[in-house]
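Below is a short note for a colleague new to this structure. Please read the points with the structure open.

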Amino acid sequence: MRSAPGARALAAVVLASALLAGCGGAVGSADPRGGPAEHAARSAKNPTYTARPYRHWGLTAPLPVPPSPPVRRPPRPAGDPLPVVQRVRTHHKVVFLTYDDGAEKDPRFVDMVRELRLPVSMFLTDSVVGPGYGHFARLRAVGASIQNHTLDHAALRGLPYAGQRAEICGQQNKLRARFGILPRLFRPPYGRYDTTTLRAAADCGVTAVVLWRAAMEGDGELTYAKGPVRLSAGDIVSVPSGEPAGLTLRERTTRLLREIQGRGLTVGRLEDYI
């Protein structure tokens, strides 16, 4: 009987410890960002994880999630020439980011695309990319799409069919060998093309020729082909490889994203609309 008080005291200590442990677990699970264990797990999976990645890339707010894309694209009637798209007809408040050539290979741009989940389209020229295809494989792994911008960045308009086909099909074959894909979209260098270009592109498996309505220059300024001098829903934006004295690809992308947000728009995936 004399041992009963000691047993009761021991039981009280065990109960108190259990309650403290339970309270600690409740606090951790109530934190919407997750407790220390969850943060550790996230950090292990993604060393560059941050609670607010948009701030890390110079934005003051996250990009809005784009609306669901069209269920299906309208088919092209047999025998019709390839569509040439400068902007997408859509009521969705989205614009489309396209990057040309492939000269800039900043690994931090890969981090930017991944953390902001940017659905960018990369139009690659083989002679410009050179030995740097590994960089674009990493971009593709984080969600970028790879498209065709010719083998050698030749001005196609006026060239004979054989020459145009060699430039377009040659790059299709390069990209298929590198990535196991056959790109559907093609951008002619300098935006110049003719009916021979459309025929050659179609014969190479292309389903649309993509131009642009807005372009971001090396200094970060936007220029417009026609229409309103501002970004509008459906605009395709071209971001060429930067000049040595210009802003980096990351800096130009940040400026572009700020402009997009300021217009109440977000970024859509071009391949879902064309």
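1. R230 counts as partly exposed because its relative accessibility is 40% (buried is under 20% relative accessible area, exposed over 50%, partly exposed in between, with a 1.4 Å probe and protein chains only). The model is predicted: local features need pLDDT of at least 70, side-chain atom pairs count only at pLDDT 80 or more, and totals for chains, interfaces and linings use all residues. Residues are numbered from 1 along each chain as its sequence is written, and side-chain values use heavy atoms, with hydrogens and water left out.

2. R230 sits in the loop between β8 (222-224) and β9 (236-239); helices (H or I, at least four residues) and strands (E, at least two) are DSSP runs, numbered from the N terminus. Leaving aside neighbours within four places in sequence, R230 is in contact (heavy atoms within 4.5 Å) with R213, Y224, D235 and R263. R263 is 33 residues from R230 along the chain, with 8.4 Å between their C-alpha atoms.

3. Helix α6 spans residues 133-141, and Y133, H135, F136 and L139 in this helix are buried. They cover an arc of only 150° around the axis, which puts them on the same side of α6; the arc is that of the directions from the helix axis to the C-beta atoms. Their cover includes α4 (107-116), β3 (121-124), α5 (126-129), β4 (145-148) and α7 (161-179).

4. After α6 comes G143, with a positive phi near 115°.
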